[in-house]
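Here is a short note to read beside the model. Keep the sequence at hand as you go through the points.

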Amino acid sequence: MFTMGAPGSLLLIRKNKMYSFFENNEIIDRIESYIATRSSDGKYAYANLLNLISYCIREKEEAQKEAGDSWNEEEWLKENPDWDKVVIIPVSTEIDSNGYYSRIEHDLSPEYVKLEGGPENPLEISVTYTRFHDRKN
């Protein structure tokens with residue numbers, strides 16, 4: 001009997017970077033990309049996403065500063081719809097002798113993580129974050 005299991009590692013990456021990450025054979029930078037491995041209890045945890053959150057906020061603030069008086073947030077959001085979105089992708093990895101990731105690629109093996117939701121089976125996702133004060137120039 002063949003059973004399918006959960007992937008060993010999951011890549012969390014900004015949605016606007018997911019294609020170039022694999023096309024350019026990039027390695028995680030712990031700013032726009034992170035890896036979580038499955039724990040013995042079957043959970044994945046990403047530690048300290050502050051760099052990602054700060055990077056996204058800085059990116060928007062820099063665009064606003066560059067635009068100056070011509071800043072149009074609605075237009076910028078239309079041009080950058082994924083500026084604050086991430087995706088989670090099953091990956092297989094290799095780690096070098098120094099403990100660093102040397103290879104990360106899509107995990108196309110017959111494994112899965114199934115997220116379900118809806119009125120009969122609510123999906124619970126926990127996000128811990130810090131609210132940033134609006135910065136006015």
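1. Start with contacts (heavy atoms within 4.5 Å). Of the contacts in the protein with a separation of 6 or more, 58% join residues 24 or more positions apart.

2. Know what you are looking at. This is a predicted model, where local features need pLDDT of at least 70 and side-chain atom pairs count only at pLDDT 80 or more, while totals for chains, interfaces and linings use all residues. Residues are numbered from 1 along each chain as its sequence is written, and side-chain values use heavy atoms, without hydrogens and water.

3. Next, the elements. The protein has 3 helices and 4 strands (DSSP runs: helices are H or I, at least four residues; strands are E, at least two; both numbered from the N terminus). From the N terminus, the order is β-α-β-α-α-β-β.

4. How are the strands arranged? They form an open sheet, ordered S2-S1-S3-S4, with antiparallel pairing (a pair needs at least two bridges by DSSP). Strands S2 (33–37) and S4 (101–106) are the edges, each pairing on one side only.

5. Look at one pair. Strand S3 (residues 86–95) runs antiparallel to S4, and 5 bridges join them. Glu-94 stands opposite Arg-103 in S4.

6. Now the helix on the sheet. Helix H2 (residues 50–67) packs there and touches S1 (9–14), S2 and S3. The direction of H2 makes about 20 degrees with that of S1 (axes are lines fitted to C-alpha atoms, for helices over the stretch in contact; angles run from 0 to 180 degrees between N-to-C directions).

7. Last, burial. Of the 137 residues, 21% are buried (under 20% relative accessible area, 1.4 Å probe, protein chains only).

Notes: Buried means under 20% relative accessible area, exposed over 50%, partly exposed in between (1.4 Å probe, protein chains only).
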